[in-house]
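Please walk me through this structure.

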Amino acid sequence: MALRGPQRQPDSRRGAIENGGAIPEPIQEPLNPPAWCKGGALKEFHRLVDQNRRAGVPIRQIDADQYAELADAMIRHRNEDDAGERFRLFKQITEYRSALNMGPRNRQRAGIKDTQKPKTVAPALSFIDMAKKL
C-alpha cells in the first residue's frame, strides 16, 4: 500500500526519523570540464560549479556540458553588441540556470534547502526596531 499524503522531505525531522536518522548529503562528484571548454569559459565554468557546490546543489559529471554551455553563453552575452542576440542569449542563460538549480528561487522550486545563513540585521536597525516596540 502506498503512503498517504505528499512525500516527506528527506532532511526534515519526520523524514530523518523515517530514514532511521540518516540525513542524506547532496551528491558532490568531482567535475571535469569538456575538452572544448577553454580560456575564459573554463574560468567561468569553475566559478559556476563552485557557486553551486557551496549552495549544496547536487553536482554530477553528467552536468558538465550544461555548466560549460552556460559559461560559454555568459561570455558571449557580455561581448555581444546586437540587442536581439543579447536577448536570445539572456533567455538561454535563464533556462540553463533554472535547469542547474542556480539561484535561491530555482533551488527552492527544486526542494533544495539553502545552506547559506540568513542575512544579519545591522545593529542600528535592530536598535530602531527595539525602540519601536517600547
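Leu-89 touches Ala-73, Arg-76, His-77 and Glu-80, leaving out residues up to four places away in sequence; contact means heavy atoms within 4.5 Å. This is a predicted model, in which local features need pLDDT of at least 70 and side-chain atom pairs count only at pLDDT 80 or more, while totals for chains, interfaces and linings use all residues. Residues are numbered from 1 along each chain as its sequence is written, and side-chain values use heavy atoms, with hydrogens and water left out.

Leu-89 sits in helix H4. Helices are DSSP runs (H or I, at least four residues), numbered from the N terminus. Leu-89 counts as buried because its relative accessibility is 0%. Buried means under 20% relative accessible area, exposed means over 50%, and partly exposed lies in between (1.4 Å probe, protein chains only). Leu-89 and Arg-76 are 13 residues apart along the chain, and their C-alpha atoms are separated by 7.8 Å.

**Helix packing**

| Pair | Angle | Axis separation | Crossing |
|---|---|---|---|
| H2 and H3 | about 120 degrees | 8 Å | right-handed |
| H3 and H4 | roughly 150 degrees | within 9 Å | left-handed |

Axes are lines fitted to C-alpha atoms, for helices over the stretch in contact, and angles run from 0 to 180 degrees between N-to-C directions. A crossing is left-handed if the near helix is turned anticlockwise from the far one by less than a right angle, and right-handed if clockwise.

H3 and H4 are therefore roughly antiparallel. H2 and H3 are therefore oblique. The cut-offs are under 35 degrees for roughly parallel, over 145 for roughly antiparallel, 65 to 115 for roughly perpendicular, and oblique for the rest.

Which residues does H3 bring to H4? Among them are Leu-70, Ala-73, Met-74 and His-77. On the H4 side, the residues include Leu-89, Phe-90, Ile-93 and Tyr-96. By class, the contact of H3 with H4 has eight nonpolar, three polar and six charged residues. Ala, Val, Leu, Ile, Met, Phe, Trp, Tyr, Cys and Pro count as nonpolar, Asp, Glu, Lys and Arg as charged, and the others, Gly among them, as polar.

H2 meets H3 through residues including Ala-41, Phe-45, Leu-48 and Val-49. Their partners in H3 include Tyr-67, Ala-71 and Ile-75. This contact of H2 with H3 has eleven nonpolar, two polar and four charged residues.

**The aromatic pair**

How many aromatic pairs does a search of the whole structure find? One. Phe-45 and Tyr-67 form this pair, which is edge-to-face, at 6.4 Å centre to centre and 85 degrees between the planes. Rings of Phe, Tyr and Trp (its six-membered ring) pair if their centres lie within 6.5 Å; planes under 30 degrees apart count as stacked, over 60 as edge-to-face and the rest as tilted. The pair links distant parts of the chain, with Phe-45 in helix H2 and Tyr-67 in helix H3, 22 residues apart. Phe-45 is buried, at 0% relative accessibility. Tyr-67 is buried too, at 1%.

**Two loop residues**

Asn-101 lies in the loop between helix H4 (83-99) and helix H5 (104-110). Its relative accessible area is 19%, so Asn-101 is buried. Beyond its neighbours within four places in sequence, Asn-101 is in contact with residues including Asn-52, Val-57 and Ile-112.

Is Ala-35 buried or exposed? Ala-35 is exposed, because its relative accessibility is 64%. Ala-35 is in the loop between helix H1 (13-18) and helix H2 (40-54). Ala-35 and Asp-65 are 30 residues apart in sequence and 9.8 Å apart in space, C-alpha to C-alpha.
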